[in-house]
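Me: Please take a close look at one helix in this model. Then carry on from there and describe the rest of the fold in one connected answer.

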Amino acid sequence: MNRQTFTWGRSGNTIRRKEPWVDRLFSVGLLLAALLLFCINLDSPPLQDWGEGTIALVARELSKTPVDSLSWLYPSFMGKPDLAEPPLVYLLVAGTYKFVGINEWTTRLPGAILSALSVPLLYGIGREIFPARQSAIFSCLIYLTLLPVVYQGRLAMVDGATLCFVIFMMWCVVRSRRDLRWSLGVGLGWGLICLTKGIPIGLLMGAVTLLFLGWDTPRLLTSTYWWFGLCLGLGPWAAWYTAGSLEYGQAFRTIRLDTQSLQHFWSQLESYNRSPWYYPIAFLKISPWFIFFPYGLRFAWEHRNWGWGKLVIVWAGIYCVASSVLVTQLPWYTLPIYPVLALASGVHFAEVWNWPSGKSYPRFWSIGLAVLAVGAIAFAIYWGIFNSSDRSLSIILGSVALTMALAAVLVARRDLQFILILFWGMYVSLLLFMTSPYWSWPLQNAYPVEPIAAIVQRGTPKEQPIYASLSEVRPALNFYSDRKIIPASVENLKEHWERDRQPYLLLDNQAFKHLNLGRSRLIGRVGQAPDWVLVTKEPNNERSGPSLPSR
């Protein structure tokens, strides 16, 4: 038995039994660090289309309905039942609206808190599968400092909550190996995943669970008590699905099982089809940890006889295969693989921490870190030259460059402190980034919606529908204006102008010139690209604002 194996065997269940307060202390510390990183400056950037705007719009409509209404189980969007999306995140945001108020901060808060809770839950998985506490701590620190995890977890979208429920489910899976009562939590976690993200991710995690247990603890798959607990935990999701099928019939079942859930495997969603190299390139955004992930996965393969090695291989393998066959590729589809990559790298870092002092590190580590340092310095200089009015991003990039440079030097000198430098430097850099206005970059916004929404809100009656020269609904625009803004073609806009008594039209410059509305009253103009005008008919015998000449 080698030195590392002996250390693990000696420090496993004994520490867990005699020092549970230490684990609680680490869990609380990790939770506080996560809450600070996930919740700071949530209200600074405006909400994004489509995900954030849609969730905010549906949740606000939901918060105004009675709690005993069916809408709380099956929310509506723009007055129609939204059967395509599970309701859990809508419910959480709507509940926050009811008790706290409606703004950007309350819209993003539920997802941010759930994302922060995923950090101590991952620590719980680490304490179950790793005999040494050090491996669990390193895994959580890597996970906490992954940019995609922090970024997606802070947005008012379903991905942060899904990640929390995935980790909760797997925590219950590894605990059920020694206590069958935790199979109830496995079913509950599976149901929460389906109520948040939908059936596909639930099927993937179900496959991970069955294959892992079949390899590691096959006796559980023949246990009646384990299956009974699993089915009991699935009760809330099964009740919701059954009630939806009875209420909405075949339309609900078709949307839940096909249109919303499984079609991404074989059909392209809008313009999101990308090259086969999309996901490998996406991993480059999580620097510097992508340098160490291959070594962690190889270390897991070398220890595949251990329970943690089996979990890493099954979880990472199934998810990589499933992601690679998806026709629709989106950046947040990779999120559920980050916890297992963090576990693999964390246990590898714990192994490195116990290496003999004279053992050299892979040269690729120091080279990769040095390249990242040079790249961060180059971007910092570029930003400082072309954006002299705001140097905050240059400071953030400087912090990243300093972290990478120090870590590269320490790796070259075979100094174990490079691990601590990476943890602390990445956490501070992410904290600086999240306090800046740059942490939330637009996903689909072709132009800012807040200035347009402000004019619409000031210049139109509360319940007045506004027809706009938009190609599709802009949820963020509807949310900020608190009006129903309906996309319409040029022909429909002309028809409303001639038929309605007092129509309100939101038009881009090109549509306004093409319509030739005659004399109209200008309510407001926004000089964005393109220019937007809000117009209505000139009241009879009354002039309350400037009129626009016929074009």
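Reply: Start with α18, a helix covering residues 338-353. The expected span is 1.5 Å times one less than the number of residues. Helices here are DSSP runs of H or I with at least four residues, strands are runs of E with at least two, and both are numbered from the N terminus. Burial is heavy in α18: 15 of its 16 residues are buried, so the rest of the structure largely encloses this helix. Buried means under 20% relative accessible area, exposed means over 50%, and partly exposed lies in between (1.4 Å probe, protein chains only).

The model is predicted, so local features need pLDDT of at least 70 and side-chain atom pairs count only at pLDDT 80 or more, while totals for chains, interfaces and linings use all residues. Residues are numbered from 1 along each chain as its sequence is written, and side-chain values use heavy atoms, with hydrogens and water left out.

Now the wider chain. It holds 25 helices and eight strands. Of its 551 residues, 54% count as buried. Among contacts between residues at least 6 apart in sequence, 74% join residues at least 24 apart. Contact means heavy atoms within 4.5 Å.

Helix α10 (residues 183-196) passes the length check too. Its 14 residues should span 20 Å at 1.5 Å a residue, and its end C-alpha atoms are 20 Å apart, which agrees. Eleven of the 14 residues are buried, so α10 is mostly covered. Among the buried ones are Gly-185, Gly-187, Gly-189 and Gly-191. Trp-190, Ile-193 and Leu-195 are also on that list. Gly-198 follows α10, with a positive phi near 120°.

Next, helix packing. Axes are lines fitted to C-alpha atoms, for helices over the stretch in contact, and angles run from 0 to 180 degrees between N-to-C directions. Angles under 35 degrees count as roughly parallel, over 145 as roughly antiparallel, 65 to 115 as roughly perpendicular, and the rest as oblique. A crossing is left-handed if the near helix is turned anticlockwise from the far one by less than a right angle, and right-handed if clockwise.

The axes of α3 and helix α6 (residues 104-129) come within 9 Å and cross at roughly 150°. That makes α3 roughly antiparallel to α6. Their crossing is right-handed. Phe-26, Leu-30, Leu-31 and Phe-38 are among the α3 residues in this contact. The α6 side includes Trp-105, Leu-109, Ile-113 and Tyr-123. The contact residues divide into 16 nonpolar, two polar and two charged. Ala, Val, Leu, Ile, Met, Phe, Trp, Tyr, Cys and Pro count as nonpolar, Asp, Glu, Lys and Arg as charged, and the others, Gly among them, as polar.

α6 also packs on α5. Their axes come within 8 Å and cross at roughly 125°. That makes α5 oblique to α6. This crossing is right-handed. Leu-92, Val-93, Thr-96 and Tyr-97 of α5 meet Thr-106, Thr-107, Pro-110 and Leu-114 of α6. These residues divide into five nonpolar, three polar and no charged.

α5 (residues 88-99) has another partner, α4 (residues 51-63): the axes come within 8 Å and cross at roughly 60°. α4 is therefore oblique to α5. Again the crossing is right-handed. Contact residues include Ile-55, Val-58 and Leu-62 of α4 and Tyr-90, Val-93 and Tyr-97 of α5.

Leu-422 sits in helix α21 (residues 417-434). Leu-422 counts as buried because its relative accessibility is 0%. Leaving out residues up to four places away in sequence, Leu-422 touches Pro-288, Trp-289, Phe-292, Leu-369, Thr-403, Met-404 and Ala-407. The C-alpha atoms of Leu-422 and Met-404 are separated by 7.3 Å, at 18 residues apart along the chain.

Finally, the loops. Most residues other than glycine have a negative phi. Asn-41, between α3 and α4, has a positive phi near 60°. Arg-414, between α20 and α21, has a positive phi near 55°. Arg-414 is partly exposed at 43% relative accessibility. Arg-501, in the loop between α24 and β5, is exposed, with a relative accessible area of 80%. Its C-alpha atom lies 8.2 Å from that of Lys-537, 36 residues away along the chain.
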